[in-house]
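Me: Could you walk me through this structure, one question at a time?

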Amino acid sequence: MAIVALCTLVALCASVVGGLVIGPTPMGVGRVVGDLFSHVGLGHSTLSPLQSTIVWQLRAPRLVLGLLAGAMLAVAGGTYQGVFRNPLADPYLLGVAAGAGLGATFAIVNVGGGVATPTWTPLLAFVGAMVAVLVTWLLGGHGLRSNASTLILAGVAVSSLLTSVQTYLQQSSSNSIARVYIWLLGSLATANWHTVDMVLPYVVGCVAVCVAAGRALDVMSVGENESRSLGLPVQRVRLIVVAASSLGTAAVVSAVGLIGFVGIIVPHIVRLLVGTSYRRILPISVAFGAAFLVFSDTIARTVLAPSELPIGVVTALVGAPVFVVILNLRRRVLQ
Amino acid sequence: MTAVRVRELSVRVGSTLLLDGVSLDIEAGTWCTIVGPNGAGKTTLVESVAGLRRPHAGSISIGGQPLASLSERQRARAVSLVPQHPEVPAGMSVLDYVSLGRTAHHGLFRSASASDRAVVDSVLKRLALDPFAERDVLTLSGGERQRMVLGRALAQSTMVMVLDEPITGLDLRHQMELLELLRTEVNECGLTVVATLHDLTLAGQFADRLVLLDRGRVVLDASAAEVVRAPELGECYGMKLRVVDIDGADVVVPVRS
């Protein structure tokens, strides 16, 4: 466990350095770090004004947003897998993606594309995501009396309905299809400090709640009835965990679009490395998810520079082989 | 002192009445086994006592406290459960599994205290599980696994333990071992046991008292010796039963008609 935590921390630091240093404008680590310190009043930057702007206004907010999004999606995926006792659960299970997709598409298609989009798209994506989860929760068993499988089925139904409406809106406005499509694929390209400010409180609060739920999720691994007999208020725990995961995911998705794969694969990779206890899986997933998304974003924005690959493509292309390698390594160790 | 008091308990699922006006008083430090044919309502009754089913009518009290007035945590400190088909999570160690029994004592946001760890250590020793403490739960045999589930329930340190067919799937030796362990807890620690068993011979040998249930109603509530000899027992099962005395133990034998 300690070795895995240390390796994850090293990977996180490496991804942070890579995210700041790697790019079409080459800059040394020391000079970039010096520039960052100069922005908080410590020392002087040795970078040119243009380089300093690239670091502080482009790379740094993109890096921080990537860290926040990766951490949130990974920990939300882990908590969903625990609370629903379903290895296929991801943060989009209860309709967050479909609701956000519909909200964002509505903003892009109806509110006017150009000038209004940067304001309205995240706002309506967030509202759409939260409304979708709320409807799922109510349909899935009238709030506190819901059970896991009913909620999952309600999530499938709500997602299907919202996706069909979103597809209709998208197809009915052919001149917006490209913008909608780009949003759906997810990207950190539009990150700025304002976006970071908006997302930060949600992610910090929701990640804290999810990580604190680790012990409860360990108890829930014996099933609902046995958990209740052990003194766990199952429905209350589920409500808190689902609310925190959904709120944090909605905030992230509204800022960066639908980045796939992180929420489902990172907790599984971490589980293979540290075992099945959520008290270990969740905190490690926070750091691993953050490092993984920043690393993927660095690849996405550099491999075809000056154009960018959709980050979801990179998370799948990098994540799937990593998962297979770890799975095989673990199988060999167990044999 | 009455440990479990059930009054006019009715449980309904949809339009089906699973329990119909059941009343029981179980003294502290005694063992009461619920017997009866399939569909009699045995599991429903013990799940209700464990607080897992909401009654349609009637009430249940544990140690004088109405079950309905207790929070989940308070209930888990009063009644523990050994389910018929326990879920055993892969990758969890025996120590962690038994420690789950302390959840209601230390809560969800505090680590286990020294006294929690002492209780778990004592349970592991009493059930001879300490050599397996670090092993993955899935590597245990059926008998060891069932001892581990019993260990989790004992770690809850409750006044009442509810067991639903705890010896299902165990061979004869492991059945006897588990029931002996439980009997020791009743005799030496004052545990109150409410169990369901299909094996009438073992039920008669280990329990202080048998309650015969049929179609959701109590048919007989008496000492084990009285119930195994009562004609109602065979009538409930719809067959002829004979009781043979072997070395002072009543053995219930079904007879082909």
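Predicted model: local features only at pLDDT ≥ 70, side-chain atom pairs only at ≥ 80, totals over all residues.

Reply: Residues are numbered from 1 along each chain as its sequence is written, while chains are lettered from A and ligands numbered from 1 in the order in which they are written.

Me: Which residues touch the most other members of the largest nonpolar core?
Reply: A nonpolar core is a set of buried Ala, Val, Leu, Ile, Met, Phe, Trp, Tyr and Cys residues joined through C-beta atoms within 7 Å. Buried means that 20 or more other C-beta atoms lie within 10 Å of a residue's own, exposed means 12 or fewer, and partly exposed is in between, with C-beta atoms placed from the backbone. The largest core has 183 residues, and those touching the most other members are Met72(A) and Val252(A).

Me: Which helix gives the most to this core?
Reply: Helices (H or I, at least four residues) and strands (E, at least two) are DSSP runs numbered from the N terminus. With 17 residues, the helix that gives the most is α3 of chain A, residues 49–83.

Me: Why does this core lie between two domains of chain B?
Reply: Domain bounds here come from an automatic or database domain assignment. The core lies between the two because residues are given to it by both domain 1 (2–78 + 159–255) and domain 2 (85–157) of chain B.

Me: How many residues does domain 1 of chain B bring to its contact with domain 2 of chain B?
Reply: The centres of these domains, taken over C-alpha atoms, are 25 Å apart. Two residues are in contact if their C-beta atoms, placed from the backbone, lie within 7 Å. Domain 2 of chain B brings eleven residues, and domain 1 of chain B brings twelve.

Me: Which helix supplies the largest share of that side of domain 1 of chain B?
Reply: Both α2 and α7 (172–189) of chain B supply at least two residues there. The largest share is five residues, from α7(B).

Me: How many residues does chain A give to the contact with chain B, and how many on the side of chain B are nonpolar?
Reply: Chain B gives 20 residues and chain A gives 17. Ala, Val, Leu, Ile, Met, Phe, Trp, Tyr, Cys and Pro count as nonpolar, Asp, Glu, Lys and Arg as charged, and the others, Gly among them, as polar. On the side of chain B, four residues are polar, three are charged and the nonpolar ones number 13.

Me: Is Phe261(A) buried or exposed?
Reply: Phe261(A) sits in the loop between α11 (234–256) and α12 of chain A, and its phi is positive, near 80°, although it is not a glycine. Because it has 25 C-beta neighbours inside 10 Å, Phe261(A) counts as buried.

Me: How does Glu165(B) count?
Reply: Glu165(B) is in the loop between β7 (160–164) and α7 of chain B, with a positive phi of about 45°. It has 18 C-beta neighbours inside 10 Å, so Glu165(B) counts as partly exposed.
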